[in-house]
Structures are given as C-alpha cells and as structure tokens.
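Please keep the sequence and the structure at hand while reading.

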Amino acid sequence: MQTISPEIVFRGKDAWLKALPEISKLTKKPLILGRSIQTLNLRKKIYKDLKARDLRIYSAELEFDCCYEDLLRIKNIILRDKCDSIIAAGGGKVLDAGKYLADSLHIPIITVPLSASTCAGWTSLSNIYTKNGQFIKDVSLRRCPKILVVDHKFIQTAPVRTLASGIADALAKWYESSITSSKTNDGLVQQAIQISRVLRDQLLIEGESAFKIYSKDNVSWINVIEACGLTAGLIGGIGGEKCRTAAAHAFHNAITQIISPKKFLHGEIVGVGILLQLKLEELKNNNKLANQSIKQLIVLMKELNLPTKISELDINVFENNNVEKIANFTLRDESEIHFLPFEINHKDIVDVITDCEKQEIKL
Ligand SMILES: [Zn+2]
C-alpha cells in the first residue's frame with residue numbers, strides 16, 4: 001500500500017480561510033495541537049475562526065517533543081474530551097505528533113504547518129524522539145493527512161532559520177534517493193528521483209534569494225516554501241518505501257543522541273548529514289563528483305547560516321567518546337545507512353567525521 005498525498009491541499013495567501021468550510025464539514029470537536037510560544041497568536045486565530053463556525057474546540061500543547069510522554073498525555077485529553085479530529089498547527093514535531101495520535105485513535109488529522117522547516121504536513125510518517133530530542137524511530141502511518149493547509153501568511157511569520165532548515169531537509173531528498181534507488185526498475189520511483197533533482201536545482205537557484213528577501217511578494221520565497229513543504233512530501237509519496245532516506249538522515253539520527261544545551265532544527269542537522277554522506281561516497285564509492293557537490297552545497301549553506309560540521313551543532317566529537325557514539329548509532333542494524341549500495345564500517349564513519357571536522361574547505 002502506498003500513501004501518496006493528503007486528500008485535500010489548500011495553498012496560497014488565504015489558504016486557511018479557504019479551508020475553513022471544508023474543516024467545519026469534517027469535524028465538530030477538534031483538538032488544536034501546538035507547541036511553541038511563537039506560534040501562540042496564530043493558534044489563537046485558528047481557535048477564533050473555528051469558534052465563529054460553532055465548533056467546540058479543545059487545545060493542547062507538546063511539552064517536550066514528539067515523545068511517548070507527550071503523546072500519552074495528549075491521547076488521554078482527546079479521549080476524555082471525545083475530540084473528533086486533530087488540527088496540528090506548528091513545526092515538524094507538532095505535525096508528527098498530531099499525525100501519530102490521529103492514526104492511533106482513528107480520527108482525521110488536519111495539518112497546518114506554521115513554518116517551511118519540513119514536509120511533515122504532507123507525509124504519512126512520524127518521527128518519535130525521547131523527551132530530550134534523541135531520535136528513537138520513524139513510524140509509517142496508514143494514511144497521509146485528510147487536509148493540508150499551507151497558508152503563506154502563516155508561514156511568513158516563522159523565523160527565517162526555519163526556512164534554511166527546510167531547504168537542507170528538502171535537498172537531502174535528491175542526495176539520498178538518487179543513491180539508494182539509482183538501480184530501480186520502478187518507473188514511479190525513477191520519476192520521484194527526477195522530481196527530487198529538479199527540486200534540488202530550484203533550491204540551489206532560488207534558496208538564497210528566498211532566504212535573504214524574506215518577503216511575501218517574493219516569487220522565490222513562495223517557490224521555496226512550497227518546494228520544502230509540498231514537493232519534498234510528494235517525492236516521498238510517489239517514491240514510497242523505495243525512495244528511501246540514507247546516510248544523511250542516519251547521521252541526523254545519530255547526532256541527536258548526543259544531548260547539547262542548544263537545540264538545533266531537524267534540517268540543520270540533516271544538512272551536516274548530507275555533507276558527511278557525500279564524503280562517504282567519495283571515500284568508499286569512488287564518487288568523483290562528490291567533492292564538487294560538497295563545495296557547491298557549502299557555498300549555499302554558508303549563505304543560509306546553516307551548520308556545515310558537527311562542531312557547529314555545538315558538539316565536540318573529540319570528547320566524551322562522541323565520535324564513537326555517533327558511529328555506533330549510525331551503524332546499528334535498523335539504520336538507513338545500510339541502504340547505501342556499498343559496504344561501510346565503523347572506521348569509515350569515524351574517518352569521514354574526523355575529516356569533515358578538521359578540514360577547512362577552501363571555496
Ligand atoms: Zn528529514
């Protein structure tokens with residue numbers, strides 16, 4: 001079974017207003033799920049607009065992350081108040097938590113991304129973390145969201161850092177799917193990989209201007225937020241299981257195991273993972289173009305203020321056995337790194353991490 005896309009997608013400046021009649025048809029007692037204080041005003045607006053349509057509305061907030069503690073607490077609220085849907089309004093963690101809960105309670109999920117930081121509003125996947133943000137696993141859900149609302153005015157209010165993070169996460173689609181699925185005969189997967197190449201090119205061309213001219217009338221900004229929030233999700237939907245994540249996300253998952261005081265966004269860590277993956281390809285797969293790709297990506301990532309090595313994620317890999325911990329987690333049996341079409345071992349991981357940390361790439 002493949003879950004390709006949300007049932008209905010609203011996009012544009014007034015997407016939320018346009019979605020309201022459809023949402024009121026679907027639900028009478030929704031729970032609005034959110035998390036951060038920065039999105040509180042938008043969630044209040046969502047609440048007010050639904051209230052004006054005579055809906056009985058409940059709300060809840062994640063305290064930590066998309067973690068079992070929060071999921072259980074909110075599940076009990078939904079059951080107690082007999083909510084008949086979830087409206088998840090926030091970043092990737094909130095959307096993932098909403099989707100997971102709706103799936104397990106057999107109620108519809110409406111996703112309202114409030115930033116362009118991930119494609120979680122589209123997909124039928126939820127990543128589960130610990131309270132401290134350490135990756136545990138991803139869970140495949142039975143379906144994509146019932147309604148996805150990508151309201152440009154809402155996303156406009158997000159910090160520009162979330163856009164940079166979304167760009168890095170969306171770029172990973174090409175670097176990961178093209179290597180894991182390059183030999184596939186499945187036409188749909190081949191097409192998904194080609195969409196991810198076009199997506200990469202658009203982000204390389206328009207990413208910087210979208211980031212620097214962060215204004216609502218900027219065509220690049222619209223193209224880039226929709227590339228991150230919609231196209232990246234579509235690629236996952238069409239490509240399905242065969243259009244897999246690979247080393248970049250495996251490195252992300254491993255890096256989250258090291259708890260550092262400063263919290264980094266998913267895409268900020270994935271971006272570092274892409275560079276490490278390319279380094280592995282150069283070292284182990286004789287990919288002569290990998291170094292060119294690294295240089296090209298680093299130029300963009302610097303412009304977007306994205307970290308380019310693990311030390312820029314406030315982790316010193318040379319202390320507390322951190323490099324060992326990252327290598328061990330990256331290589332565990334269930335890791336996506338094993339989808340790479342070549343063998344890698346513990347020493348390879350340690351070597352590429354050490355290399356990336358020490359190397360000052362001359363641009
Ligand atoms: Zn991701």
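The sections below treat the domains, the nonpolar core, a helix, a hairpin and some individual residues.

## Domains and their contact

The model is predicted, and the domain assignment of its protein chain gives domain 1, residues 8-156, and domain 2, residues 160-358. Taken over C-alpha atoms, the centres of domain 1 and domain 2 are separated by 26 Å. To the contact between them, domain 1 contributes 21 residues and domain 2 contributes 25 residues. On the side of domain 1 that touches domain 2, the largest share, three residues, comes from helix α5 (residues 152-156).

## The largest nonpolar core

The largest nonpolar core holds 108 residues, and the members that touch the most other members are L33, A88, A89 and I167. Helix α6 (residues 160-180) supplies the largest share of this core, namely ten residues. Because domain 1 (8-156) and domain 2 (160-358) both give residues to the core, it lies between them.

Helix α7 (residues 187-212) comprises 26 residues, and the distance from its first C-alpha to its last is 37 Å, close to the 38 Å expected at 1.5 Å a residue.

Which residues of α7 are buried? They are V189, A192, I193, S196, L199, R200, L203, G207, A210 and F211, and the buried residues of this helix pack against α6, α8 (219-239) and α11 (290-303).

## The hairpin of β6 and β7

Strand β6 (residues 125-129) pairs with strand β7 (residues 135-140) in the antiparallel sense, over five bridges. Y129 has F135, in β7, as its bridge partner. Five residues lie between the two strands of this hairpin, in which G133 takes a positive phi near 85°.

H266 has its place in helix α10 (residues 266-284), and because 25 C-beta neighbours lie inside 10 Å, H266 counts as buried. Not counting residues up to four places away in sequence, H266 touches G92, S117, T118, S165 and D169. H266 and K93 are 173 residues apart in sequence, whereas their C-alpha atoms are 9.2 Å apart in space.

## Positive phi at two loop residues

D54, which lies in the loop between α2 (40-51) and β3 (58-61), has a positive phi of about 65° although it is not a glycine. Is this residue buried or exposed? With 8 C-beta neighbours inside 10 Å, D54 counts as exposed.

K82 is not a glycine either, yet has a positive phi of about 55°, and its location is the loop between α3 (68-81) and β4 (85-90). Because K82 has 9 C-beta neighbours inside 10 Å, this residue counts as exposed.

Terms used: Residues numbered from 1 in each chain as written. Predicted model: local features only at pLDDT ≥ 70, side-chain atom pairs only at ≥ 80, totals over all residues. Core = buried A, V, L, I, M, F, W, Y, C linked by C-beta atoms within 7 Å. Buried ≥ 20, exposed ≤ 12 C-beta atoms within 10 Å, placed from the backbone. Helix = DSSP H or I, 4+ residues; strand = E, 2+ residues; numbered from the N terminus. Domains from an automatic or database assignment. Expected span 1.5 Å × (residues − 1). Contact = placed C-beta atoms within 7 Å. Pairing = 2+ DSSP bridges.
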